[in-house]
Every structure is written in C-alpha cells, then in structure tokens.
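Here are some notes to read alongside the model. Please keep the sequence and the 3D view open while going through the points.

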Amino acid sequence: MAEIVYPQGCRPITDDLGPDELVRRLKALAHTLQGLGQDEGMYQQYIPLALHLADEFFLTHPSRDVQLLIACCIADVLRVYAPEAPYKDQEQVKTIFLFLINQLQGLRDPKDPAFKRYFYLLENLAYVKSFNMCFELEDCQEIFCALFALMFKIVNSEHSTKVKSFMLDVLCPLITESDVVSNELLNVILINLVEPNKREHKHAYALAKELIVKTCDTLEPYIQAFFNHVLILGKEEKSLSIFSKVYELIYELNQCCPSVLLSVLPQLECKLKSAQFQERLSAVALLARMFSEPMSELAKQYPALWRAFLGRFNDISVPIRIKCVQYCMHFLVHHPDLRKDITETLKMRQHDAHEQVRYEVVMAIIATAQRDFQAVAESEDLLHFVRERTLDKKFKIRKEAMSGLAMIYKKFLTEESVPPATEKAAQWIKDKILHGYYMTAIEDRLLVERLLNTSLVPYTLPPQIRMKKLYYLMSNVDDNATKAFIELQKHQLAVRRTVAEWVELHRKPPTPAVQKEMMTKVLHISSKFLPESVKAQEFLNQFSEHMKKAPELLQGMETILNPNVSCEVCVRTTSSVLKKLGQPVMTNIYYNTVKMLLERVSSVMVDHDSLLILVGYVEGAVRGTDTSIAEECGIDIKKAAERGLKLLVMLSFVFPAHFLHEDVLNRLTSLLELDDETIAPHILAALTFLGKYRPLGEACSSLFPKLISLCKAYAEVGTPKQAKNAVRCLFVNVPEQRSQIFTEILETLKSTLSPQSEHYRTAIVTLGHIAHNLPDNFPVHIKNIVSRKIVKELLVREGGGGPNAPDGEWCSEEDLPEETRCKLEGLKCMARWLLGLKKDELSAQKTFRMLNAFIVHKGDLLQQNQLSKAEMAHLRLAAGAAMLKICEQKGVGDQFTAEQFYNLSHLMVDDVPQVREAFAAKLHKGLSKGIPNKCLPLDFMGMYALAGREPERRVRGLVRQYMLADVVRRREYVRNITIGTTVERAVSQLPHIMPDYMLVFAVPVLTHDPAFTHYDNVTQLKMVKQCLWFVLEPLITRNDFYCYGFYKSLIEKMKLHKDALNETDDSVNFKLWATCDLAMSVIWARSTSFELREFPSDVRIPTMYYAPQPDYFANTRVFLPPELQFQPKRQQTTEPLPRGKKRPRVIADKEKEHSNECEPSEASDTQIIVPGLEQPPETELDEPQAKRNMSD
C-alpha cells in the first residue's frame, strides 16, 4: 500500500489514537480539506489518505464525533476529486454512501451543537451531486431508497428553507439523471402524499410534493407505468404500501402536479365500469372529489370520463349512488357549467327505489341552498325535486324536504333583499308546507305545526313584525293551504283542551275515579296526539309523576295552558319546564316526548298584544286609511281587507280569550258601523265565536247596548248575509234577553215579509235562522208564518221568468230575478225550520214531498213553463240541498221515502254540469260533518256511484276526492271506536258507519238510474260496471282490512231480495240482480286475496231499498250477457303486449348478472297521494283487468 501523505499542518490519523486526540487531528484535517479547490490532477498524492479515511475502523468508530468528521472529510474528498472519485471498489462505494446517509440523520435536530457540520455535509453532497456516483452500482436503488426515506423521515418544522432546498438538491438529480426509477423508490416518495403520513408528517408531505413538481417530467412515465400496472392489468405487489392507496394517490398527484396524470385519468373509465363493487366505489369516490373541487377543470379536460362518471348515478349498487349524490352540493356550488348535467341526474335519483338515495338528493339540494341559494334558484328544477319529496313515502325524507323549504322561506322573510328566484319559490313554499297537514301520519302534522311557528310565522320576531308575517302568509296562500291552516289551529285547540283537562286532574285528590280518568286522558293524548303511542303513554305517565312531585312543573304547565297567556311568557315557561326534564339530547326520549307535546299546546303566535296590532292592520285595510299592509302582502287593499277579516274570524274561534278585552272589542264593534256590506258578516261571525266562549254581555257590558241595536238593524234591514250572522250573534251573546229581542224582530218581519218589501229576501233569511235557533220559543207563530208566507205566498205561487230571466242553462245566483232568489231562500228557510224542530215528522213528510216535486219537475213546481232553464236548475239544486240538509238531523231527516231518495240521487247525473258539481259538494259537506250523529246517513254514500259516469274528467276527479276523504274519515272513526268502546257497542254501530256498506246503497241507486233501462243492454251494463268500480276501488285497493268473504256474502244476500219500490216489476228486479252480478264480477277481477275470514260486522240489508223474500227463495241465475260474465284467465307463459307498444328487450341472465345499472323508480312508487289535495292518477275505469290466476 502506498505511503499516506497528509496535507501540511495535519498530523497522521491512526487507529491507535484515543478518541479525543483523534477528534483533534480529524478537525484539523477536515479544516484543511475544506480549503482545497477542485483542481484536476493536483492532489493525486492524497489518494492513499482518502482510501485510509474510508477504512472500516473509522466508519464504525464508536465516537459520534469521529464518524461525523470522517463523513465531512470523505464528502470533501468526493468534492475535490469529482467527477472521478478515488473509490473504485463497488462494495466500498456502497458502504461509504450508506455511511454518509447514516450520518445525515444528524440533520434531524437543528439545535444540536454539531448541526453546522451536518449541514456542511449535506451542502457538500448536494454541491457536486456526490450520490450520482451510485448510478454505476448494481444496488443503487437500495441506496437511493435509504437516502429518500431518511430525508422524508428527518425533515421537520425547525428546518429552514435553505436546509430543505439542499435536501431537494441532493434528491432531484437522483431522479432526473437516473436511467430508471424503481417502483420501490416511487413507493418511498409517493407514500408521503397519502394518509396517515400526510397528516402525521406534514413537512415530509410538502417535501414530497415539491420533489414531484421539480422532477415531474422524469417521473411521468414511471408513474403512468405504475398506474397502468394497477388499474389496467390489475396486478398488485403486496410489499409496496402505495398499492392499497392508489385512488388517494391519484387525488394527491392531481392536487400537486396534474400533468403526470394526463394518460392515467382516462384509465379510470374502465374502473367505473368494473364488475367489482369496491373498484367502482373507489373510482366514484375519487372522481367525485376531483371533479367537484373548486376551480377544477377536469370535466372539460376529460369529457368522456365525466360522462362515464355521470353514468354511475345510475349504478346498481346503492352505496355508489349515494356517494354520487352526496357530492352534488359541491358540483352545484363550485361548477355552474355542470349544473345542468347534475340536475338531470338528480331528476332520476329523486325517484330512486332506495330511500337513502332519495334522502341524500334532498340533503344535497338543501345544503346547496344554505351555502349558495343562487345555485339552486337558477335551476327551478332542483327546488321542484325537493317539493316532490315532501310527498315521499318515508317520513325521514319528507321531514328534510319540508324543513329545507321552510329554511328557504324563513330566509326570504327575515333578509332585506333576496334573489328574485327566492321570491318566486316563496310563493309556493308556504302552500307546500301547509299542505303537509293533509298527511295522515301524526309526525307530519307535528312537523307542520313546528315549521309554522319557527319558519312561516317565526315566534322569535317582535309582535308587530310577527303579525305582518302572519297577515302576509294568510293573504297569499291557496285555498287548500288556508283550510290546512284552519284545521291546524283547530287541532291544536283540541290538544290544548285535552291536555289542560289532564293537567287539571293533578290538582284533584287521587281517588280511584280520578286515577281512572287520568289513565283515560293519557291513553287519549298518547294515541291521538303523539307518535309511537305506547312509548308516549309510558313517558306521559312518567311526566305525570314528575308533576305530582314538582309543584313548579305543574304550575308551569298550567301557565302554558292558560288561555290568556302571552307569547313571551309561554316561550319562557316552556323553556323552564323543559330544563327540568334532563339533557336535550336525542337519546333522552322522555325529554323529546314532552317537548313534542309542549310544541303542540304552547301558544306562541297570537296573544292579546299581538292581536291588538293585527286588528289595527285589518282596520287600516278595511277603512282604506293604511295601504302599507296591502303593499307588503303584494295584493290590492280590498283583498287585503277581506283576508284580514277572515283571519280574525278564524282566530276568534281558536283564541277567543285574547279577544275579550275592551280595546279589541271596541275596534271590532266600530267596524260594524261602516257602510261596506261585506264587512259586517265577518265581524258578526267573529263575535258569535266569542259569545260561544263567553257571552259578550258578561265580558264587556258597556259595549252591549250598541251591539244589540246594530244586530237588530242588520237582522231587519241588512243584506241576507248580514241578517244571518246578526241572528246568530244575538242568539249566543244575549241568553237572558233572547225572547224579548227576537219577539221585537218577528214583529218587524210582519211588515217586511211580503213581496212588496225591499227587504223581503232578508226577512226570509232572518225568519229561517230564528226558527232554527229558537224552535221552542215561538213554535205555533213560526209554523203559521212558514206555511202561509213561505209555502203559499212564495214557493207555490206563480212567478219567475219574464224579461229579466237569464239565458242559457246556468248563471250565477246574482243574475237570477229577485223573485227566484227569494224562492231559493224560502227553500233554505224551510230546511232550517225543520232542523230546528228536530222531531216534527208530519211537517217533515210534507216538506219532503214538496222538495221532491221540485226535483221531479226539474225545478218548475207548477209546470207552467214560465221559468228559464237557469232558474229551474237553481231551484232543483236548492231543493236537493235542502233535502240533504234536513237528512243530517235524526228524526225529521229520516222521513224521506226510497223514491224520494232515488229522485234526489238523479241530481248527481243532472243535465247541467254546475248542478252536478254543486250537488256533489253539498253531498260531501253533509257526509263529512260530525260522524256518526251530525252527518248524513251512510245511504247517501251510495250516490257517489253515479259519478262513475260523469262525462267531465275534472268533476269526476273532484267527486273521487270527496268520496276518498269520506271513506278515510269513516275508517278513522271505526278504528277509534274499536279502541275506545265496548265490543258490542262498536259492532252495533259498524253497519251505519263502515264505508264498505256503501255498496248496499250504490246498487239500488244504479238500478234506478234513468240511463239504465234494460238489464241485458251491454252498453248500459258496461256503464254500470264503470260506476261500480268507481265506488269499489277505494274499498278494495286502499283497504288494509279488505275482506273478500264479506263482499261475497253481502252481494249474495242482496241477490236474495227484490227491489222494495217495485217489488212485482221483474224488469226492475232483473236490473237489481244484474247490478249485483256485475259488482261480483268486478270484485272477482280486482281482488288480490280471496279470504273467507270473518268480518267484524254481520251483513245487514236495509229493507227500505230491498224487499225481503221467503226463506226458500233462491236466486242462482246469472243476469249478465256472456261477454260480461267474469272468466278467470289461465296463467299464460308470455303476457300479451299492449297494442302499439314495443316488446321490451329481454336481458339475458348473464347480462343481468354483469350489468351494474339500475332503473329509477316510477314517481308513484316513492310518493304519497294525499286525499283531498293532489289529484291522483285515475285508475282505468273501463274493463277491470282479469287476474292471471285465481289461485294466486
């Protein structure tokens, strides 16, 4: 070995020196080597020294300082001799570089006293790219991996930019000047971009990003090859961590250096269409994130990939569809150019068969509206999707849709300026939310009640603004929403009363009777007013015990339920009551149950102060002195006045206690003195409701004389509407003075109750209402007036027609001649008189005969052909309405004959469409009143059958809604009586209430239909069949308790009877029996189950319409022509296709297996039809479809 030469001033470095001496000599040597330049060939004499320094003794010396100084010296040697280093042996070179890498660990702590030397070492290695020597080694990738791994491991927050810069200077050439970049090295670099390294080693993440950006041109083919390996070939190397993080890696690379992915991203299209669920899900999650990022241009750059991604919205897998929809909010907010595509895909997904997908659609649109309403507003479709989901079959989705719309409406109410699109949406949102009250589920009603108080009329607003919002709401909602608002207020009033009675029981001594009553009340409240009645009952009992133990809780409840409570006190007390019930968390079901109940009973919309403000607004609109409220509501002042008055009438029914203050009553009474004839009826109606709560004579005696004189004047010389309301108002408000006041009014009527008087019509109305309200005070007197003045001098007298008679078959009531209008009021007057009498059967029979004559003679009682067609139409309709009205009252209402009943039913098929529509509305009104005693008997449900041949589709749809509502209401009542009463009593009531019995009445009504003349006429029979299906459809298809055996037994029994009206006329009996056979054929064709189980009620046939036959009477003959007899078809192997439709493509089983597309559901599959609101799609009324197989 050549002799070792040391630079001048440097002493020999030998392995026998002690550590301290060795360090001293190495420092001197290192200092000298630092000063040497890079002159080629000048320092050949030092080569033996360079080799000596790389001796294993020094590289593995136990002293850290010795190793560091040796590393610095070797680094300088490499610098001085670059590019030809003195180390030639490959093993030695590898050992040296691994030693240098090991030394670079010292860079970890910049506070280390030796850090400067470590930094010098790094700088030196970077300066001359010393590691490039390793390219010639076979194991170069191993060395590079160690170096890269070390750098990523040690980099931290305390390193300066300079240190990081030198690190990159060391690393970058090893990529850019290398012939190959191994997957192992890629793994070392890229693993820093993904979790958990990204989160735990942020500086390594930043260093890796910078390194990739600097070397992207070189890395691109290797990265592409790697992804090609994984995505296309599907190969995996378990040893490399990045294989499991492929999609996350693509996202991060796209963030830091998109150029390296130019040919990688299109490869993801095959993953989107993979048969493997996990692959599709990962690709969808990645692309959704990348496409939806703010400022992302990927959708434009890769249109084919974007289209493939949109296809995944229709994926067969639910989690993938959910993932797609969840990102829609980001697309809608950040990418206006993609909104059209996203809206189209959401249109399909909002009808998805899976509820979670539909839920996410709603959440995505609502979240978008919260962040950027303009994004939603620009596409009205999106809001309409949410609107449609308010009728979803799942409450969870309905709730989010309603709450989202309410949030948008509240924003519109409370913000000073909103986009025009929001204003447009606000027009229908309030209606839609209130329509939710038509839902049958209690959860929906609770939700609407909550949204009304929190969003439509926010209870947190000051009274002046709150009343303006209430006024605005009631001025701009449609009729259905108005009805829903009234129903909501009535329902809350009922809840308040029941809960108040329950709370009151806690003040009574706990006797067994009180305990029993308390249990009954709890059962009633939990089953009627709260969801999940069993749980609710348990928690109400718990709350009851709580109130007994905590007097302040009971007192709080009494305050909340006090009719005079102010909104502010109610809110404060509700809050303090809830605080005593534990933590307000979802898991505290006790807290949430009581909270639901309190939401229903607390009165936070109207109190005395706010009512006074509202009356002020209404007064300003009525008098025309203040136009601001009309401008704010966006309607003309006349309409604002009318809506305001109607609102006051409704509030007087629900919150009468707040009205019974002198300041409010003074203002209301002052409005009675105005000349406008439309004002008084509303004010008088409101005062009538107040009188029912507490007679005004007691509440405000100072106003009373003035009120009496005004009411008397209206009853005597006002308009008919004013007179009607004045009589009612006086009746409820003057219990002590009734006889005296009404005697005076009757005296006045003697002069005005004549055709010559200008107040003739008013006198007739006043008489009718006095007769109705005070039947026992003047029985003989009024009977004489009715028989002489109303019947003889008005109804049976010639008149009508003449030059003023209207042309055409119909006109509005205002256009009729005055004499005819008086006759209409005369018919109503007779009905009211009979309703008051209740039990005068003889008078009722006479009246029914006269009313029947009006109907039979088409309105022209005397048949003198003087009346116009319009007058006759009005008169027969009024006679029919009067009959219906009388029939509501037991006693007098039971005196009609079967013939009169059939004649009355003919108004359902009258020649004039307006008569048909108005009569059906009256019929529905009579049937929907208080079941079971205050409504029309079940017989009248049979009249709905005739609407099956209604030529006008709109009217038929309307009557169908009426019938559905009446069926639902009766079923609800049946459900309630079977829970709350004894079994015997319930069963005895069923034949008079159960809608299933309407078939018994529909059959004779159809038998006596004037259009049904021959029992074997096929055309007529088809029409009868259509009518039967009209009434049977809601009984069969919308009935959870449908029982085929009951209907079979019912029809068989009907067929064993003859027609009661024409018992000996076989042509009528054959029609009756043919109708029975038709009904049976419809039931066979439409039933899906053929159980013969027992029905809760016995089959009863009413003898009024059916004449019983002897026991031996048998009727097995079928009265239908062969073509109308039901033939069950055998099951076919292939179903015949509807004519004109293409045969659907049959998907092979294998193709089905590999298909990853799903079909969206039909709208009707995911949506509820609300009875009485949206018009449901009509079921085919013609030939009922035959079942494929009777045994199914």
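1. Is R280 buried or exposed? In this predicted model, R280 is buried, with a relative accessible area of 3%. The cut-off for buried is under 20% relative accessible area, so the value for R280 falls within that class.

2. R280 has a charged partner: its side chain forms a salt bridge with the side chain of D315, with N and O 2.7 Å apart.

3. Another buried pair is D352 and R349. Their salt bridge has its closest N and O atoms 2.7 Å apart. D352 has 0% relative accessibility and counts as buried. For R349 the relative accessibility is 0%, and this residue too counts as buried.

4. Now take the salt bridge between the side chains of D840 and K783, where the distance from N to O is 3.7 Å. D840 is in the loop between α46 (818–837) and α47 (841–856), and K783 is in helix α45 (residues 779–795), so this pair joins parts that lie 57 residues apart in sequence. How accessible are the two partners? D840 is partly exposed at 23% relative accessibility. K783 is partly exposed as well, with a relative accessible area of 37%.

5. Salt bridges can also be linked to one another. R358, E388, R389 and D392 form such a network. The count for the model comes to 45 salt bridges, and the pairs R280 with D315, D352 with R349 and D840 with K783 are among them.

6. The last point concerns two helices. At what angle do helix α41 and helix α42 pack? The angle between helix α41 (residues 704–717) and helix α42 (residues 720–733) is about 145°, and their axes are 8 Å apart. The crossing of these two helices is left-handed. On the α41 side, the contact is made by F704, I708, C711, K712, Y714 and A715. On the α42 side, the residues are Q722, A723, A726, V727, C729, L730 and N733. By type, the residues in this contact of α41 with α42 divide into 10 nonpolar, 2 polar and 1 charged.

Terms used:
Residues are numbered from 1 along each chain as its sequence is written. This is a predicted model: local features need pLDDT of at least 70, side-chain atom pairs count only at pLDDT 80 or more; totals for chains, interfaces and linings use all residues. Side-chain values use heavy atoms; hydrogens and water are left out. A salt bridge is a side-chain nitrogen of Lys or Arg within 4 Å of a carboxyl oxygen of Asp or Glu. Buried means under 20% relative accessible area, exposed over 50%, partly exposed in between (1.4 Å probe, protein chains only). Helices (H or I, at least four residues) and strands (E, at least two) are DSSP runs, numbered from the N terminus. Axes are lines fitted to C-alpha atoms, for helices over the stretch in contact, and angles run from 0 to 180 degrees between N-to-C directions. A crossing is left-handed if the near helix is turned anticlockwise from the far one by less than a right angle, and right-handed if clockwise. Contact means heavy atoms within 4.5 Å. Ala, Val, Leu, Ile, Met, Phe, Trp, Tyr, Cys and Pro count as nonpolar, Asp, Glu, Lys and Arg as charged, and the others, Gly among them, as polar.
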